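Please write a short briefing on the structure shown below.

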Amino acid sequence: MLAKHEVWKYSGNERVWVGKYRNSHNLPHWHYDCELLFVESGSIDVFCEKQRHTLTAGQALFVDSGQVHYMRAQTPDTVLAVTIFDYNIIKPFAAKFCLASPRLEGDYNLPAVYARVKRELEGGKFLGDIAASVEIARLMIEIMRGEDLIPRPEIGTTVQSLKNLLGEINEKFEFYTFDEAASYMGMSPAYFSRFFHNLVGMTFSQYLNYVRIENAVKLIHSSERLQITEVAIRCGFSTIRNFNRTFKELTGYQPKRLPADFTLDEKFSAVGSESFDPTQPGCELIESS
């Protein structure tokens, strides 16, 4: 089964999310964010980069940015505490080295860190988003000091090339084209079209439009007070008509009528998109920040 790209969304300016699942079960996937798993009760099989790790209560595992992973609880009453965070939080000290094994051997008092992060993220605390990121940075420094490390590998696989491509699209979405993407991957247009859809879960055009509209929403909500025409141009749309049509399709609103508290991920899933959610039936989210 091919692993698909999950685009993780945070609320507001936060770059950290915490939550607990009962009976965790999902499909192979990967994302640019890092994921820290701690078993509160029960046991679970976590498959990370083609290796299985069986975790029981009190054990933890770290999924690095870009690693393919999935999990399956061994008992329905298994409770898993999950912390997901932006890789850029740890990039300054983790760009050259990574953990030799995703399974953590040391005791880092993860329940206490989880609780502190959750408190910072709840209730709209002043600078809570920054405080949560600081908690994560401190934890990961402790983990990297306590675990065996290896040089971060330069992986030349096709999947890794796709991850790099998606990074380029996210940075250069204003002018990036299908032909440039196919050329980057060294594939014919027809083959690249099938390949991209199979791994990402949507067409190249759908993904590019999503990235562009995501940035358009940010610009509309920004303090720059831009005209809608300027927003459309900055986000790579050649005509205002095409921008308005695409914006309405993905958000459900015209640009000028976008609610101040709108977040794209909620509406994106509501209008029947092909975005990938790896969670399987029976997996229950019982707590979240």
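Helices (H or I, at least four residues) and strands (E, at least two) are DSSP runs, numbered from the N terminus. The model is predicted, with local features needing pLDDT of at least 70 and side-chain atom pairs counting only at pLDDT 80 or more, while totals for chains, interfaces and linings use all residues. Residues are numbered from 1 along each chain as its sequence is written, and side-chain values use heavy atoms, with hydrogens and water left out.

**Gly146**

- Gly146 lies in helix H3, which covers residues 128-146.
- With a relative accessible area of 49%, Gly146 is partly exposed (buried means under 20%, exposed over 50%, and partly exposed in between, with a 1.4 Å probe and protein chains only).
- From C-alpha to C-alpha, Gly146 and Tyr184 are 39 Å apart in space, and they are 38 residues apart in sequence.

**Aromatic rings**

- The structure holds 12 aromatic pairs (rings of Phe, Tyr and Trp, the last by its six-membered ring, pair if their centres lie within 6.5 Å; planes under 30 degrees apart count as stacked, over 60 as edge-to-face and the rest as tilted).
- Trp17 and Tyr21 form a tilted pair, because their ring centres are 6.2 Å apart and their planes are at 45 degrees.
- Trp17 is buried at 12% relative accessibility, and Tyr21 is buried at 16%.
- Phe196 and Phe204 form an edge-to-face pair, because their ring centres are 5.6 Å apart and their planes are at 75 degrees.
- Phe196 is buried with a relative accessible area of 0%, and Phe204 is buried at 7%.
- One aromatic cluster is formed by Phe178, Phe192, Phe196, Phe204 and Tyr207.
- The charged end of Arg212 sits over the ring of Phe237, 5.8 Å from its centre (for Lys the atom is NZ and for Arg CZ, and it must be within 6 Å of the ring centre and within 35 degrees of the ring normal).

**Cavity**

- There is one cavity of 30 Å³ or more (on a 1 Å grid over the protein atoms alone, a cavity is a set of points where a 1.4 Å probe fits but cannot get out, and lining residues have an atom within 4 Å of a point).
- The largest cavity has a volume of about 40 Å³, where a volume is the space filled by probe spheres set on the grid points, which are joined across faces, edges and corners.
- The residues lining the largest cavity include Phe62, Asp64, Met140 and Arg152.
- Strand S10 (97-99) and H3 are the elements that give two or more residues to this lining, and S10 gives the most, with three residues.
- The lining has eight nonpolar, no polar and two charged residues (Ala, Val, Leu, Ile, Met, Phe, Trp, Tyr, Cys and Pro count as nonpolar, Asp, Glu, Lys and Arg as charged, and the others, Gly among them, as polar).

How values were computed
1 Å grid on protein atoms, 1.4 Å probe; cavity = no way out; pocket = protein on both sides within 12 Å on 5 of 7 lines; lining within 4 Å.
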